[in-house]
Amino acid sequence: MASSFQPHIFSLIFLSLTSFSIPQTPPIIHPDIALVLPLTKHASTLQYVTIISQRTPLVPLNVTVDLGGQFLWLCCGSRYISSSYRPARCGSTQCSLAHGAGRGRSKCNNNGTCILLPENVFTSKVSAGDLSEDVLSLQSTDGLNPKNAVTVPHFLFSCAPESLLRGLAGGAEGVAGLGHGGIGLPTLLSTALNFTRKFAVCLPPSTATTGVIFFGDGPYVFFPGIDVSKLLTFTPLIKNPARVYATEKTYEYFIRVKSILINGKQVSNNGNGIGGAKISTVSPYTLLETSIYNSFTNLFLKEMMAQNVSRVSSVPPLGVCFSRKPPDGALSWLAIPVIDLVLQNEKVFWRIFETNSMVVMGDDVICLGFLDGGVNQRTAIVIGGFQMEDNLLQFDLESSMLGFTSSLLLRETSCANFNFTSSF
């Protein structure tokens, strides 16, 4: 077991003079005000990174976003200096919240501190870390622009050793878990600041642009004055259908995909899939179980080859690639097939256009942004980050619904068009 982190000596003196309790009257903001964070794409890892401010005095920290992560975890090494840091004691309310009421004895270290098991999902490494609390500060928004900063004085997170940072985007100090559990960022923020348990994610399509995360309800207004919350189509969020045991916990988000269409033609043998479809920012591209992948790529190839396109060598990790050079004498070129994920019925579908299906791999090559997830993939479909870029996704944890827009480019806006500075 990892040794307990001992932060700055002032924190220990402060701890000895105070009790560890949740404030009785948490700060409340107007229910029409949400919180907002910027979101960028890291070039080499293709991870999505945001910036939070934490500690006393406040320190800006880069953290990788994990849509299905259980909680916020941060590296608590020698550089962690904060006068407001406090560890959660074994048996405390915070410890019970983190481990779930009625789930048996809380996990604790030899010093009587409650511990969690933060995971780096990109490397599958896990380590023990102290459940802790400290000041967290985020900017509020009216949906059009950032407003005043809002502070949560006792925000729960897990410490983690520096070794757990390996495999994260360069400069990242931890992982921000947006999962639907009791200590995920959406639930902790909505509870502390008294707004509805909704959040929205709009992933940037390149390393040169900035996307956005909203905590709270809309409006979500993007240049040139489009409230994209009005463009949402809704489908139910479902429990993890791939659970082996009824007691198995998951904090990720799943939807039911009834079928897949390519140019209106159904991909054979996909049915409902084994485990439905998971929505993930951990996978850069959508993963399909092998039998689905084979049927999917065969139909996609058939639709592409009908245009006399040339297939070229794979560009790892992408396996289906094409030349962008038009045949001699061609007047028009490359009508990329449209992909539909059909959801609860044939009238509700998530349409994927060229910008979210084809990855540009150079001046002359494009590749299909879907990967073979293997025969043992627990979830039949894992919808990856590339397919979500320039789509706004709203997760309503109160009603267990997912709202999605399809590509915002068709609405003449994008995820990069939230105004982080001045008014329109």
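This is a predicted model: local features need pLDDT of at least 70, side-chain atom pairs count only at pLDDT 80 or more; totals for chains, interfaces and linings use all residues.
Trainee: Hi! Can we start with cysteines? How many disulfides does a search of the whole structure find?
Mentor: Happy to. The search of the whole structure turns up 5 disulfides. With the bonded cysteines of the protein chain numbered in sequence order, they pair as 1-6, 2-4, 3-5, 7-10 and 8-9.

Trainee: And which cysteine is in no disulfide?
Mentor: That's C75. The nearest cysteine sulfur belongs to C76 and is 6.8 Å away. C75 counts as buried because its relative accessibility is 6%.

Trainee: OK, so what is C76 joined to?
Mentor: C76 is bonded to C159, with an S to S distance of 2.1 Å. The two come from distant parts of the chain: C76 is in the loop between strand 4 and strand 5, while C159 is in strand 10, 83 residues apart. Both C76 and C159 are buried.

Trainee: Is the disulfide of C76 and C159 left-handed or right-handed?
Mentor: Left-handed, because the torsion about its S-S bond is about -75 degrees. For C95 and C114 that torsion is about 80 degrees, so their disulfide is right-handed.

Trainee: Where do C95 and C114 sit?
Mentor: C95 is in helix 2, and C114 is in the loop between helix 2 and strand 6, 19 residues apart. Their sulfur atoms are 2.1 Å apart, and both residues are buried.

Trainee: What about C202, what does a disulfide join it to?
Mentor: To C415, at 2.0 Å from S to S. C202 lies in strand 12 and C415 in the segment after strand 31, so the pair ties together parts that are 213 residues apart in sequence. C202 is at 0% relative accessibility, and C415 is at 0% too.

Trainee: Switching to charges. How many salt bridges does the search find?
Mentor: It finds 10 in the whole structure. One of them joins the side chains of K41 and E389, 2.7 Å from N to O. K41 is in strand 1 and E389 in the loop between helix 6 and strand 30, 348 residues apart.

Trainee: Then which residue forms a salt bridge with E398?
Mentor: R197, with the closest N and O atoms 3.6 Å apart. E398 is exposed, with a relative accessible area of 51%, and R197 is partly exposed, at 23%. There is also a network of salt bridges that links K198, D217 and D396.

Trainee: Now a serine I noticed, S82. Where does it lie?
Mentor: S82 is in the loop between strand 4 and strand 5, and its relative accessible area is 1%, so it is buried. Its side chain makes a polar contact of 2.8 Å with the side chain of D134. A polar atom of the S82 side chain also lies 3.1 Å from the backbone nitrogen of T56.

Trainee: Let's do strands. What does strand 18 pair with?
Mentor: Strand 18 runs antiparallel to strand 24, over 4 bridges, and 2 bridges join it to strand 19, again antiparallel. I260 has L341 as its bridge partner in strand 24, and L261 stands opposite Q266 in strand 19.

Trainee: Which way do the side chains of strand 18 point?
Mentor: S259 and L261 point one way, I260 and I262 the other, and all are buried. In general, side chains in a regular strand alternate between the two faces of the sheet.

Key:
Residues are numbered from 1 along each chain as its sequence is written. Side-chain values use heavy atoms; hydrogens and water are left out. Buried means under 20% relative accessible area, exposed over 50%, partly exposed in between (1.4 Å probe, protein chains only). Two strands pair if DSSP finds at least two bridges between them. A polar contact is a pair of N or O atoms within 3.5 Å; within protein, one must be able to donate a hydrogen and the other to accept it, and residues adjacent in sequence count only if both atoms are side-chain atoms. A salt bridge is a side-chain nitrogen of Lys or Arg within 4 Å of a carboxyl oxygen of Asp or Glu. A disulfide is a pair of cysteine sulfur atoms within 2.5 Å.
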